[in-house]
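I opened this notebook to record what I looked up about side chains and their contacts. The entries follow the order in which I checked them.

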Amino acid sequence: MNDDTTKAVLEGGPADLPERVVSVTGPGADVKVQFRGGYEHFRATTRHQETAEGPLPVYEWWERTELPG
């Protein structure tokens with residue numbers, strides 16, 4: 001793939017997170033997913049997971065932040 005985005009697998013976090021394969025910008029950049037009044041934060045690991053789209057990097061959940069309001 002030769003563009004600014006790639007895909008990654010999200011591991012951990014809420015069990016009902018709707019998307020587990022997401023687009024990420026730049027290798028190693030943290031991923032922030034808006035979900036239920038806050039953000040779920042994922043960090044890159046050194047692991048890869050085989051998917052229907054081929055091997056993808058695994059990002060692991062590490063924290064949640066709440067939106068004000």
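Does Asp16 count as buried, partly exposed or exposed, and at what relative accessibility? I found that Asp16 counts as partly exposed, at 48% relative accessibility. Here buried means under 20% relative accessible area, exposed means over 50%, and partly exposed lies in between (1.4 Å probe, protein chains only).

**Entry on the model.** I noted that this is a predicted model, in which local features need pLDDT of at least 70 and side-chain atom pairs count only at pLDDT 80 or more, while totals for chains, interfaces and linings use all residues. Residues are numbered from 1 along each chain as its sequence is written, and side-chain values use heavy atoms, with hydrogens and water left out.

**Entry on salt bridges.** I looked up the salt bridges and found 7 in the structure. The term stands for a side-chain nitrogen of Lys or Arg within 4 Å of a carboxyl oxygen of Asp or Glu.

I then returned to Asp16, whose side chain meets that of Arg36 in a salt bridge (2.4 Å, N to O). Asp16 lies in the loop between E1 and strand E2 (21–25) and Arg36 in the loop between strand E3 (31–35) and E4, so the pair ties together parts that are 20 residues apart in sequence. I note that strands (E, at least two residues) and helices (H or I, at least four) are DSSP runs, numbered from the N terminus. Arg36 counts as exposed, at 56% relative accessibility. I also recorded that phi of Arg36 is near 45 degrees, a positive value in a residue other than glycine.

**Entry on a network.** Which residues are linked with Arg47 in a network of salt bridges? I found Glu11 and Glu60 linked with Arg47 in this way. The side chains of Arg47 and Glu11 meet at 2.7 Å, N to O. Arg47 lies in strand E4 and Glu11 in strand E1 (residues 5–11), so this pair ties together parts that are 36 residues apart in sequence. The salt bridge between Glu60 and Arg47 has an N to O distance of 3.6 Å. This pair also links distant parts of the chain, with Glu60 in strand E5 (residues 54–66) and Arg47 in strand E4, 13 residues apart. I listed the relative accessible areas as 35% for Arg47, 28% for Glu11 and 40% for Glu60. Arg47 is partly exposed, as are Glu11 and Glu60.

**Entry on Glu40.** Is Glu40 buried or exposed? I found Glu40 buried, with a relative accessible area of 3%. Glu40 lies in strand E4 (residues 38–51). A polar contact of 2.4 Å joins the side chains of Glu40 and Arg64. Such a contact is a pair of N or O atoms within 3.5 Å; within protein, one must be able to donate a hydrogen and the other to accept it, and residues adjacent in sequence count only if both atoms are side-chain atoms.

**Entry on rings.** I checked for charges over rings, that is, NZ of Lys or CZ of Arg within 6 Å of the ring centre and within 35 degrees of the ring normal. Lys32 lies over the face of Tyr39, at 4.5 Å from the ring centre. The charged end of Arg43 sits over the ring of Trp62, 3.5 Å from its centre.
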